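I set out to record the fold, the core and the pockets of this protein. The entries follow the order in which I looked things up.

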Amino acid sequence: MAAALALGAQGVWCGSVWLTTDEAETHPAVKDKFLTATSADTIRSRSLTGKPARMLKSAWTEEWAREDTPEPLPMPLQPILTAAAQRRITRSAHQAGSGAEKLANYFVGQIVGNMNQRKSANAVVFEMIEEFIEAVNALQGQLDY
Ligand SMILES: Cc1cc2nc3c(=O)[nH]c(=O)nc-3n(C[C@H](O)[C@H](O)[C@H](O)COP(=O)(O)O)c2cc1C
């Protein structure tokens with residue numbers, strides 16, 4: 001945030017970091033996976049929307065990435081093709097041991113590797129403000145000699 005504002009941005013757009021907050025409506029099975037994932041556990045895949053998007057690796061993305069699997073269709077055909085399967089995966093992934101939780105995934109950036117704790121959206125905002133103040137103070141300190 002400090003780096004972006006230093007470069008002239010007027011704000012910072014963030015998305016992934018909210019997906020593991022208490023308030024997020026993220027599927028519980030996916031939320032659990034996000035909390036243990038590293039930044040290497042994401043992949044750019046066309047398997048959900050037909051356009052490249054970064055998401056958590058899962059059995060779904062692995063199957064679509066296989067050499068003997070057809071290429072995903074272009075948007076909007078891929079979501080039309082997979083909507084019914086995705087609805088069944090989402091429903092079944094609520095039952096532990098169904099196997100569907102292995103297929104479940106969602107869009108998320110590489111910041112997922114830092115999303116390791118359940119917390120409120122409120123706590124995320126306050127941590128961002130605190131880190132921003134720390135970063136700006138540290139930079140200011142470099143001028144104080
Ligand atoms: C669940 C989710 C859905 C998103 N959907 C879109 C989208 O439809 N179109 C788009 O341009 N960006 C989309 N984004 C990207 C965000 O707008 C934002 O640019 C990005 O998430 C910021 O990076 P961060 O996730 O590391 O904070 C999405 C991000 C997430 C996490």
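This is a predicted model: local features need pLDDT of at least 70, side-chain atom pairs count only at pLDDT 80 or more; totals for chains, interfaces and linings use all residues.

Entry 1, overall form. I counted six helices and two strands in the protein. Read along the sequence, the elements give the pattern α-α-β-β-α-α-α-α. I then looked up the radius of gyration, which is 19 Å, well over the 15 Å that the globule rule gives for 145 residues, so the protein is more spread out than a compact globule. Along the principal axes, the C-alpha atoms fill a box of roughly 60 × 30 × 20 Å. Of the 145 residues, 29% count as buried. For contacts with a separation of 6 or more, I noted that 63% come from residues 24 or more positions apart.

Which members of the largest nonpolar core touch the most other members? I found Phe 34, Val 108 and Val 112, out of 18 residues in this core. The elements that contribute two or more residues to the core are α2 (28-36), β2 (53-56) and α3 (59-65).

Val 108 touches Ser 16, Leu 19, Phe 34, Thr 42, Arg 54, Met 55, Leu 56 and Met 115.

Entry 3, helix α2. I listed Ala 29, Val 30, Lys 31, Phe 34 and Leu 35 as buried in α2. An α-helix has 3.6 residues a turn, so residues three or four places apart point the same way. The buried residues of α2 pack against β2 and α5 (100-103).

I recorded a volume of about 510 Å³ for the largest pocket. Its lining consists of 19 residues, and Val 17, Ile 111, Val 124, Met 128 and Glu 131 lie nearest its centre. Helix α6 (residues 121-141) gives the most to this lining, with six residues. By class, I noted 11 nonpolar, five polar and three charged residues in the lining of the largest pocket.

Of the 13 lining residues, I found His 27, Gln 86, Thr 90, Asn 105 and Tyr 106 closest to the centre. Which helix supplies the largest share of the lining of the second largest pocket? Helix α4 (residues 77-92) does, with three residues. The lining of the second largest pocket divides into seven nonpolar, five polar and one charged residues.

I located Ser 58 in the loop between β2 and α3. Is Ser 58 buried or exposed? The relative accessibility of Ser 58 is 4%, so Ser 58 counts as buried, the cut-off being under 20%. Leaving aside neighbours within four places in sequence, I found Ser 58 in contact with Lys 33, Lys 102, Leu 103, Ala 104 and Asn 105. I also looked up the separation of the C-alpha atoms of Ser 58 and Thr 90, which is 13 Å, with the two residues 32 apart along the chain.

I found Met 75 and Pro 76 joined by a cis peptide bond, with omega about 5°. Pro 76 belongs to the loop between α3 and α4.

Technical notes:
Residues are numbered from 1 along each chain as its sequence is written. Side-chain values use heavy atoms; hydrogens and water are left out. A nonpolar core is a set of buried Ala, Val, Leu, Ile, Met, Phe, Trp, Tyr and Cys residues joined through side-chain atoms within 4.5 Å. Buried means under 20% relative accessible area, exposed over 50%, partly exposed in between (1.4 Å probe, protein chains only). Helices (H or I, at least four residues) and strands (E, at least two) are DSSP runs, numbered from the N terminus. Contact means heavy atoms within 4.5 Å. On a 1 Å grid over the protein atoms alone, a cavity is a set of points where a 1.4 Å probe fits but cannot get out, and a pocket is an open set with protein on both sides within 12 Å along at least five of seven lines; lining residues have an atom within 4 Å of a point. Grid points are joined across faces, edges and corners, and a volume is the space filled by probe spheres set on the points. Ala, Val, Leu, Ile, Met, Phe, Trp, Tyr, Cys and Pro count as nonpolar, Asp, Glu, Lys and Arg as charged, and the others, Gly among them, as polar. The radius of gyration is taken over C-alpha atoms; the globule rule is 2.2 Å times the number of residues to the power 0.38.
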